[in-house]
Amino acid sequence: MAGTAAGVHYDLVMARAYDVAAVERKWQDRWRVERTYEVENDDPRPLFYSLCMYPYPSGPAHQGHVRNYTFGDLVVRHRTMNGYAVLSPIGFDSFGLPAENAAIQTGTHPRVFTEARIAELKDSLSRLGAVYDWRREVRSHDPEYMRWNQAIFLRFLDAGLAYRASAKVNWCPGCQTVLANEQVLSDGRCERSGDPVEKRDLEQWFFRITSYADELLAALDGLQWPDRVKTMQRNWIGRSEGAEFDLAVQGSDGSPSDLSIRVFTTRPDTSFGMTYAVLAPEHPMVEQLTTDEHKAAVEALVRQADASSELERMRAAEAGPELEKRGVFTGSSVINPFNREPVPVYVADYVLMGYGTGAIMAVPAEDERDFAFAQTYGLPVVRTVQPPEAFEGGAYSGEGEKINSGFLNGLDVATAKERAIEWLEKEGIGTRKVNYRLRDWLVSRQRFWGCPIPVVYCPDHGIVGVPEEQLPVLAPDDVEFLPSGQSPLALHEEFLQTTCPICGGPARRETDTMDTFVDSSWYFLRFCDPWWHDGPVDAVAVRRWMPVDEYIGGVEHAILHLLYARFFQRALIDVGLLPEIEREPFRHYFAQGMIRMAGSKMSKSKGNLIAPSSYYERVGADALRLFHLFVGPPEEDFDWSDQTDEIIDGCGRFLDRLWRSLLEAPAPERSGEPTAADLEVRRLVHRTVMAVSEDIERWSFNTAVAHCQELSNSLVRYGRIDGGPHEEVFVEAADSLLLLLAPMTPHVSAEIWERRHLGQPGVHLQHWPSFDPALVVEDHVTMVVQVNGKVRDRIEVAPSIAAAEAEELALSSDRVRSALGGATPSRVIVRPPSLVNVVP
RNA sequence: GCCCGGAUGGCGGAAUCGGUAGACGCGGAGGCCUCAAAAGCCUUUGCCGGCAACGGCGUGCGGGUUCGAGUCCCGCUCCGGGCACCA
């Protein structure tokens, strides 16, 4: 037999010590039939909720899944052996675009397509030996899950957390539909039709996540999450403190008019340096402030900004600080309230309508973007902070003494900010203001394969929620998937036509579906009691299991999914759908590293997937699991290379040696007083138990495997010592090793254990081994003797050696004396029992 | 541009608190077994010099702190990730 991986041809020539396929199948069946990892909600043991991010079912598992679910399975089995009732559920994030695209291409209904992919994924997870309480399986497209998803939407609607507003979206004129950002090619064209994508204002549904911005930010501090993930979320929320204030528009006679522009700044202290003001092209006052003379130029710029897609702007941003900032003068001026000077008002596309007030005061001396714009358009620069003497750049945004700033002169930046805000508030011109980069969550999707948004539009009553007893609103099955890309729902008259729940008159159904991130924002709550019929979640079950003790998943979800889920948990508590539990859903989050190939992420779209199934057949799931645990720190990326297959084979060889050394060697018969060599083995066993236990606790699986391998190597050697191994010592060593390996390589561990302990409970039902502290203490250690920091000798000493004795021993060493060359030590650093450093 | 990671033998990686650099594995070399091979087993393997004992060098680069630095500090280079005109 032969297989192909990474384009490299290899031969299946490993002669195994045991029938890997039979052993793995046997135990996978056993765990399922005996319901080993099903857990009841009234389990009396201490509780532990372990969860891997539920997968999007794209077919059989890929190596990223294998890595993820191997880690998760290790946690589940390890915690179970430590006496916990472990909740280990899984489900499928089964709505989404790929199934819909497949439907358009092949005509297969997305449900049929998706359920086939789920079956494939389930099969490959089972073949990995990953264990779950399958009774709790939840799939986003299950009508029962959709029902509660919609009920949550309606509750959010009632609470004002869901609202409808106009938003700029990517619109493809050829396909007559809205596109997700990912569907717009990098050159700004539609991925399907190739037409240039436009921006359009459409009515869309939003969740008011911004109401929680402050709490979501503040609560990050208390989370046991990787710092980089917390930082990413912090940056995403992007809190900025500053001030908002009015700039009065200058009237025709030169005095302030009633009209004013509100601006936001994080640097109110620099206000004296304002030399112009800018409106975003979409700002509602643009037309009003544009004089006849400048009308043509302003309209041209506004049209240009309107036509450019998000991606085009992103690309423009990539150009860096040299980016040409397009802007035109409106013909109007505003009065700087700080110094009563008029400054010109521009319209420019570097100011965004979506942030702050969509208008800014421009201070070129202290802002790089304003500086670049001022240079291009010949606008003055007035410094309000004294830069350091050596400073040669344009804009200076650092610390310094305030200058040219009236009542702020002489102050430092922080104090000046405070004074400026106080002054604005006292004068009634403005207020202190905090802004966030975070926007409300746009949840509408003009897609078929998603959860329908459960509202109807009545000519008389407007937006009306579908009554809860009529949920779920399900999409009809008799739809046609057209290559136009338009959602079939919008063309389905029977679905579209409905009646108003209030007046019974004719009404039209919403045809948008929800972003699939909505589905994944609360599935972990549903797992606590997926059978609950009276609401999305059962308060009792949720109180018991939540929060998730260990959440495991790819760092690619570090921002959106984790932020949305944190928002949902809070919002559900606040609208009364969740009891008053901890407001953070995930106590501990582990972000696993990516599998990469030649530097880029391994993914279906890149065509560089290496399916695990060939490895299940070639070396078995245990060897593949061991490889993923062993090959490096779980949080770091791993580069799949030509050498990877050889490492995986090595893992298989290790398991073969384990099998042979524990099952095929003659049974040890020696008893009586243990010898020094026996004791040495016992020490190693107990040290290994301690080391592996610690390694697993701190997620250092690669060293846990290495420690097991060391013990195994010693055990092989011990099996061959003169006189044979001592029976009890060997059994203790063998059993300990199997217990340590049980969460990592469950099939072979279970099989060897069963063969060695016929009729007794299986290895996974045993308690995790403990170690004897007395046996962990070394009876002798190697003391390093350095001369001037260089190792010159190593001396075996007792761990309890006194400093004086250590020093004496070190100084009497021949090697040390010759290294000293007769010189008298000026200083001796003694760190018993590990080190002595003699300084000449 | 800003913010976060990372860089250790031929390769993946270890070194948990500033104290023996290279655990464990892959690969390589030599040997045993075999008619031969595969598998398995044993020995060896950071680099340079040396028959050897041993000596020198060595954790991306340049400095520094320290008796002692892969680990701490300052300044860089390269690689990866996130954000990206957010006022």
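Rings of Phe, Tyr and Trp, the last represented by its six-membered ring, are taken to pair if their centres lie within 6.5 Å. In the present structure, which is a predicted model, a search of the whole structure on this basis finds 50 aromatic pairs. Y132 is buried, because its relative accessible area of 10% falls under the 20% cut-off, whereas W134, at 24% relative accessibility, counts as partly exposed.

A tilted arrangement is found for Y350 and F373, whose ring centres are 5.3 Å apart and whose planes form an angle of 40°. This pair links distant parts of the chain, since Y350 belongs to the loop between β14 (342–348) and β15 (359–362) while F373 lies in helix α11 (residues 368–377), the two being 23 residues apart. Both Y350 and F373 are buried. Ring pairs also join F153, F156, W205, F207, Y212, W441, F517, Y564, F567 and F568 into a cluster.

R30 lies over the face of W27, at 4.5 Å from the ring centre, and the charged end of R437 is placed over the ring of W236, 4.7 Å from its centre.

With regard to helix α3, which spans residues 97–106, the buried residues are A99, E100, A102, A103 and I104, and what covers these buried residues includes α4 (110–128). Helix α3 is followed by G107, for which phi is positive, near 85°.

Methods. Residues numbered from 1 in each chain as written. Chains lettered and ligands numbered in written order. Predicted model: local features only at pLDDT ≥ 70, side-chain atom pairs only at ≥ 80, totals over all residues. Heavy atoms only, no water. Buried < 20%, exposed > 50% of the residue type's maximum accessible area, 1.4 Å probe, protein only. Helix = DSSP H or I, 4+ residues; strand = E, 2+ residues; numbered from the N terminus. Contact = heavy atoms within 4.5 Å. Phe/Tyr/Trp six-rings, centres within 6.5 Å; stacked < 30°, edge-to-face > 60°. Lys NZ or Arg CZ within 6 Å of the ring centre and 35° of its normal.
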